[in-house]
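Let's start with the rings.

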Amino acid sequence: MDSPNIYGKEEQKWTIEAKSSLLDLKLNEVWAYRDLLVLLVRRDFVSFYKQTILGPLWFFIQPLFTTIIFTFIFGNLAGISTDGLPKPLFYMAGITAWNYFADCLTKTSSVFRDNAGIFGKVYFPRLIMPLSIVVSNLVRFGVQMLLFLILMAYYYFTGANFNISWAISLFPVIVLLMALLGLGAGMIISAMTTKYRDLAFLIGFGVQLLMYATTVIYPLSEAIKKYPTYAWIIKYNPMTPIIETFRYGFLGEGSFSWFSLAYSMIVTLILLIVGTIIFNKVERNFVDTV
């Protein structure tokens, strides 16, 4: 038990010891540094929109313009099916879910490189950095969800044919899966970029390609019908069941399957465990290689 000091307060005692396991997340230290987590989230929010004219309005502008472009190119020119849903609503659902995952993955993948100066000067639980990215992106996701709900309300009152299904109750699970999938994959890539710098240049391009292998701009049913030979690539992309479940919950259309969702959960868990192991291993000596 901690003994009181001369001011009548208990002294906080820290034990410095070697990390016992690569899976040891030191969650007690993460909780002790929760104020730092809040400050990092605030820093990310402020620094990203500092010296911009529109500021946080970019939260709305980016998905709105992307939806308009997708509706024009893929919906009108290419004539890709949207399972009978209004095209803007279909694309907005996919974009909202995809953006959160992609932001978590992209920003987490450069956490060692971007924060090498801080990591080399002061100690704090390194896991705080990727966690702050996931939380700060959650704020952006919340704003974009508000835009999506406004669009849903508009189409509902104009008589559009869509229905909210029971799967909307899985929304917290879907958000958690997107966050952990982006976190796990991002930590793996971040650890690898400390040694292989080329990955830093490929990640942005790779995420764009991955989007086209996910059901953001087309439904899974359309991919299976038109491209049965290559549909397995899309079907076994762990983000596909997540986006399909998201659409099925909010719009009543989508290829929902408990098996597919369980598959996404398993892949997410594997990536998170592998990412944690690699992240903890690289954390010990990354300053020598960055």
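## A cluster of rings

Tyr-100, Phe-141, Phe-148, Phe-171, Phe-246 and Phe-250 are joined by ring pairs into a cluster. Please keep in mind that this is a predicted model. The count of aromatic pairs comes to 19.

## Trp-166 and its partners

A pair of aromatic rings is described by the distance of the centres and the angle of the planes. One of the pairs is made by Trp-166 and Tyr-248, which sit edge-to-face with 6.4 Å from centre to centre and 80 degrees between the planes. Trp-166 belongs to the loop between helix H7 (128-157) and helix H8 (171-193), while Tyr-248 is in helix H12 (residues 239-251), so this pair ties together parts that are 82 residues apart in sequence.

Trp-166 also pairs with Phe-256: the ring centres are 5.3 Å apart and the planes stand at 90 degrees, so this pair is edge-to-face too. Here the loop between H7 and H8, which holds Trp-166, is linked to the loop between H12 and helix H13 (258-283), which holds Phe-256, and the two residues are 90 residues apart. Is Trp-166 itself buried, partly exposed or exposed? Its relative accessible area is 45%, so Trp-166 is partly exposed.

## A charge over a ring

Another kind of ring contact is worth a look. Arg-247 lies over the face of Phe-90, at 3.7 Å from the ring centre.

## The largest cavity

Now to the spaces inside. Which residues line the largest cavity? They are Lys-235, Tyr-236, Pro-241, Phe-259, Ser-260 and Tyr-263.

H13 gives the most to this lining, with 3 residues. By class, the lining of the largest cavity has 4 nonpolar residues, 1 polar and 1 charged.

## The second largest cavity

The second largest cavity has a volume of about 30 Å³. Its lining consists of Ala-167, Ile-168, Leu-170, Phe-171, Ile-174, Thr-245, Phe-246, Gly-249 and Phe-250.

In the lining of the second largest cavity, 7 residues are nonpolar, 2 are polar and none is charged.

Note on methods: Residues numbered from 1 in each chain as written. Predicted model: local features only at pLDDT ≥ 70, side-chain atom pairs only at ≥ 80, totals over all residues. Heavy atoms only, no water. Phe/Tyr/Trp six-rings, centres within 6.5 Å; stacked < 30°, edge-to-face > 60°. Helix = DSSP H or I, 4+ residues; strand = E, 2+ residues; numbered from the N terminus. Buried < 20%, exposed > 50% of the residue type's maximum accessible area, 1.4 Å probe, protein only. Lys NZ or Arg CZ within 6 Å of the ring centre and 35° of its normal. 1 Å grid on protein atoms, 1.4 Å probe; cavity = no way out; pocket = protein on both sides within 12 Å on 5 of 7 lines; lining within 4 Å. Nonpolar A, V, L, I, M, F, W, Y, C, P; charged D, E, K, R; others polar. Points joined across faces, edges and corners; volume = space filled by probe spheres on them.
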